[in-house]
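The exercises below concern nonpolar cores and helix packing. Please work through each task with the structure in view before reading its solution.

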Amino acid sequence: MAIPAYSTALRVASRIRFGPQRVVASLQGREGAARRWSEWANQHRTDTPLVWIHGASVGELASIDPVVRRLRQLKPECQIILTHTSSSVESWTPRWNAERVDYMPMDDERSTETTFAALRPSLLVFSRGDVWPTHVDVATNSDVPTVIIGGQVSPGSNRLAWPVRNLCEHIYQKLTFVAATDGENAERYHRLGVDPSAIDVIGDPRHDHVLERITQLRDLPIGVFQAPTRHTLIGGSTDAFDADLLLKAARGMRDSAPMLLVIAPHEPDARTVKQLAHRAARMGFRSAFLSELSDATDEVQCVIVDRMGVLFDLYAFADSAYIGGGFRKRRLHSVIEPAAYGVPVIVGPHWKRFADAQSMVENGGVVALETRDPIDSLKRELVRLIEDPGYRWHRGLSARRTLLGGAADRAAEIVLRYLLR
């Protein structure tokens, strides 16, 4: 197999997905990573087992964090290091639970072998599936097990199609074990070349991450969200269509059902939030930006979230949540954050390709709107949620129950099994 060809394909895919600026930042960070890891190992590497965990960006590393915490309890003497390829990890303020966090070295033979020789890892773990071929090759040659935790492969992934599948099959055959999130992903890993005996379905450790995440309310105007007589609907990760849908539905219910509408754009840049504020004003809403609110703010009808990193905490105030992206194929955003709070979730019609949404629709925690008349469909669902508290609680608890699979416990047991091999 031509490993350099596959590595090049991965870099091209990253460029398409993340854009040239982020790719340049990633390449610059990775360029000197082998040297930095060698220097760290010379000073800090002990004789205890070392677990090397790789995740592409913040999401992948955050999703495996509950596994890391369990591993700390089960094997407190082991060293844990985290690598990444996205520059977003550098600006992440919460402290990672590891001895060191830095970029993954470049996926060439010299950089990889130098890093392995210095770190002497006992186990190489990939979170969710950002697999780099030379690292797998060197790990195999060094008798280091390679494990994927929370493994997922998108149904439309280029890896499943010719010629990429032919290029990467050799690497997937070398993986020691894949802990997939569900049966469909397990089948895709088998198609990629992983032996069925080396695949198991454990659930998704991301669920444990959101369930165990600590809510931060210090910087939020709590008083604005505490009016007991009105229903708080939070629209999370919305695009322009989603925001317009929410505003029109809320306007149609304004006289019959007091409501606080909170809209959090997926990309809350200055232009987007300004346009959203103008749109809300034209439709007769008293709106305000979240950054301008205080507990003493006069009652507003629409809050526009104009900052990143607070949406998860805002769901603590929600009576219901609408998750954006579901009116465009393959664009639905995460439904698990409101579900962690026991909040009933509403999505658009394109949800079937998303395992979390699928499970929650089947369990009654998520309701999908109709394509034909989404405004009326949304209004009907909101009326039922407002007028029937039992229905609202049942739906919210059903959404949360979907997350209680214990994936992080099983993942930690798998890591420990190979660590003690």
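Contact means heavy atoms within 4.5 Å. The structure is a predicted model, in which local features need pLDDT of at least 70 and side-chain atom pairs count only at pLDDT 80 or more, while totals for chains, interfaces and linings use all residues. Residues are numbered from 1 along each chain as its sequence is written, and side-chain values use heavy atoms, with hydrogens and water left out.

**Exercise 1.** Determine where valine 347 lies and which residues valine 347 touches, not counting residues up to four places away in sequence.

*Solution.* Begin with the element: valine 347 belongs to strand β13 (strands are DSSP runs of E of at least two residues, helices runs of H or I of at least four, numbered from the N terminus). Next, take the accessibility: valine 347 has a relative accessible area of 0% and is therefore buried (buried is under 20%, exposed over 50%, partly exposed in between, with a 1.4 Å probe and protein chains only). Then list the partners: valine 347 touches Ile323, Leu332, Val335, Val366, Val367, Ala368 and Leu369, once residues up to four places away in sequence are set aside. Finally, compare sequence with space: isoleucine 323 is 24 residues from valine 347 in sequence, with 5.4 Å between their C-alpha atoms.

**Exercise 2.** Identify the residues with the most contacts inside the largest nonpolar core.

*Solution.* A nonpolar core is a set of buried Ala, Val, Leu, Ile, Met, Phe, Trp, Tyr and Cys residues joined through side-chain atoms within 4.5 Å. The largest one has 37 residues, and those with the most contacts inside it are Phe225, Val262, Leu290, Leu314, Val335, Val347 and Met360. Elements giving two or more residues to this core include β9 (259-265), β13 (345-347) and α14 (355-363). A second, separate core of 35 residues includes Met104, Phe116, Val138 and Ile148.

**Exercise 3.** Classify the arrangement of helices α7 and α8.

*Solution.* First, take the geometry: the axes of α7 (residues 164-172) and α8 (residues 183-192) come within 8 Å and cross at roughly 100 degrees. Axes are lines fitted to C-alpha atoms, for helices over the stretch in contact, with angles from 0 to 180 degrees between N-to-C directions. Second, apply the classes: α7 and α8 are therefore roughly perpendicular to each other (65 to 115 degrees; under 35 is roughly parallel, over 145 roughly antiparallel, the rest oblique). Third, name the residues: Arg165, Cys168, Glu169 and Tyr172 of α7 meet Tyr189, Arg191 and Leu192 of α8.
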